[in-house]
Structures are given as structure tokens and as C-alpha cells.
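I opened this model to look up its fold, its disulfides, its strand pairing and its pocket. The entries below follow the order in which I looked things up.

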Amino acid sequence: MNRLFVLLGICLLFVTSSVNTQSSPNGIYCGIKSVNVLLTTYVVRIYLDVSSNPKEFYFHAHGDVHISNCGPNLYKLNRTSNLAIITKQASCMERELSKFMLSDLKAEWKPEFDSVSVNASAPYGLITVGIELTKPVCSQPEMKEYDYYRSVKDEL
């Protein structure tokens, strides 16, 4: 019986030590999004660089849509829902949202996966466009500009 408790204790210790203990997103998160419009498929690679102190983020996109490094955008994180509330948008972010007619931008940090889910409403709220951003995606071959992005960011 004692061996069972020891085994359960070891399993519990392993599970709790492997769970992400980060209190907020931090680092570079990446994602690839394909969007079909009529007969054309557009592919965009998105980089999101999040700092937990101060709570700010920059983003950058390559592919069929190019957005230069945009930030700082300030946010606060709701500890209960893990929703990020953008408290100050950089002018470049306002411009890009307006250009693509996106509104109702929402971001959720998923601490159990250390990923960021970003959604926005497209024109007239008819559809929602979303992307899941994770750290492992940054090392995929399709994200070849990642190293370039990191070297440019270090120079800023």
C-alpha cells in the first residue's frame, strides 16, 4: 500500500513539474495562416514578440501580406480569463486593422500550452479570422525569416 502512495506521489510530482508555471506570455510566438479569397490562397507567417515586463508586444508578418515590425502595443492580462486587453495600440497596428477592415481584436494566452490565440472580426462581423501562435512553430522551415526577424529586433 505504501508503494502505491509513493508511486502516486512521484506521478503527481512529475505532472505538476511539467505544467507551465509562467504567469504571463513571454518570448516570440509564431503561426502560419492560409486564407482563401475567391480562387486565390494567401499565406502569411506571423511573428508575435511578447514581453511580460513591461507588458508590451510587437508583431511582424511575411508572405503574401507584409507588415513591418509594429509596436510597442501595450496590454494587460486578465488573470481569471487569460484574455489580453490591449490598452494602447501603436499607430501601425491601428492602420493595419483598418486596412484589412478587422475589428474586435481578441487575444487569449493559453498557459497550459504557452500559446497565444488571436481572433478578429472581418467586415460586418460576418466571419472571424483567427490564428494560433506557438513557440515551436518559430523553428519550422516555413518560418525562415525568423532568424532575420530576431537579428533585426536585436538592432532596434
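What share of the contacts in the chain between residues at least 6 apart in sequence join residues at least 24 apart? I looked this up before anything else, keeping in mind that the model is predicted, and I found that 37% of those contacts join residues at least 24 apart.

**Entry: overall layout.** I then listed the elements and found three helices and eight strands in the chain. Read from the N terminus on, they run α-β-β-β-β-β-α-β-β-β-α. I also looked up burial for the chain, which has 156 residues, and noted that buried residues make up 33% of them.

**Entry: disulfides.** I searched for bonded cysteines and found two disulfides in the structure. When I counted the bonded cysteines along the chain, the pattern came out as 1-4, 2-3.

I took the pair Cys30 and Cys138 to begin with, and I noted that their sulfur atoms lie 2.0 Å apart. The torsion about the S-S bond of Cys30 and Cys138 is about 100 degrees, so I recorded this disulfide as right-handed. The pair links distant parts of the chain, 108 residues apart, with Cys30 in strand E1 (residues 27-37) and Cys138 in the loop between strand E8 (128-134) and helix H3 (145-155).

I turned next to the disulfide that joins Cys70 to Cys92, for which I read an S to S distance of 2.0 Å. With 100 degrees about the S-S bond, the link of Cys70 and Cys92 is right-handed. This pair, too, links distant parts of the chain, here 22 residues apart, with Cys70 in strand E4 (residues 67-77) and Cys92 in helix H2 (residues 91-99). I checked burial here as well, and both Cys70 and Cys92 are buried.

**Entry: strand pairing around E4.** Since Cys70 lies in E4, I followed that strand to its partners. Strand E3 (residues 55-63) and E4 run antiparallel and are joined by four bridges. Which residue stands opposite Cys70? I found Phe59 there, and I noted that E3 and E4 form a hairpin with three residues between them.

E4 also pairs with strand E5 (residues 83-88), in the antiparallel sense and over four bridges. Along this pairing I found Leu77 opposite Ala84 in E5, and Tyr75 with Ile86 of E5 as its bridge partner. The hairpin of E4 and E5 has five residues between the strands, and within that hairpin I noted that Asn82 takes a positive phi near 60 degrees.

From E5 I went on to strand E6 (residues 103-110), which pairs with E5 in the antiparallel sense over two bridges. Here the bridge partner of Leu83 is Glu108 in E6.

**Entry: Ser121.** I placed Ser121 in strand E7 (residues 115-121). Its relative accessibility is 15%, so I counted Ser121 as buried, the cut-off being under 20%. What does Ser121 touch once its neighbours within four places in sequence are left aside? I listed Met101, Leu102, Ser103, Asp104, Ile127 and Thr128 as its contacts.

**Entry: largest pocket.** How much of it lies in the largest pocket? I recorded about 980 Å³. The largest pocket is lined by 39 residues, of which Ile46, Leu102, Val118, Val129 and Ile131 are the closest to its centre. Leu102 had already come up in my notes as one of the contacts of Ser121. I then asked where the lining comes from, and the largest share of it, six residues, comes from strand E2 (residues 40-52). Sorted by class, I found 34 nonpolar, two polar and three charged residues in the lining of the largest pocket.

Conventions:
Residues numbered from 1 in each chain as written. Predicted model: local features only at pLDDT ≥ 70, side-chain atom pairs only at ≥ 80, totals over all residues. Heavy atoms only, no water. Disulfide = S-S within 2.5 Å. Buried < 20%, exposed > 50% of the residue type's maximum accessible area, 1.4 Å probe, protein only. Pairing = 2+ DSSP bridges. Contact = heavy atoms within 4.5 Å. 1 Å grid on protein atoms, 1.4 Å probe; cavity = no way out; pocket = protein on both sides within 12 Å on 5 of 7 lines; lining within 4 Å. Points joined across faces, edges and corners; volume = space filled by probe spheres on them. Nonpolar A, V, L, I, M, F, W, Y, C, P; charged D, E, K, R; others polar.
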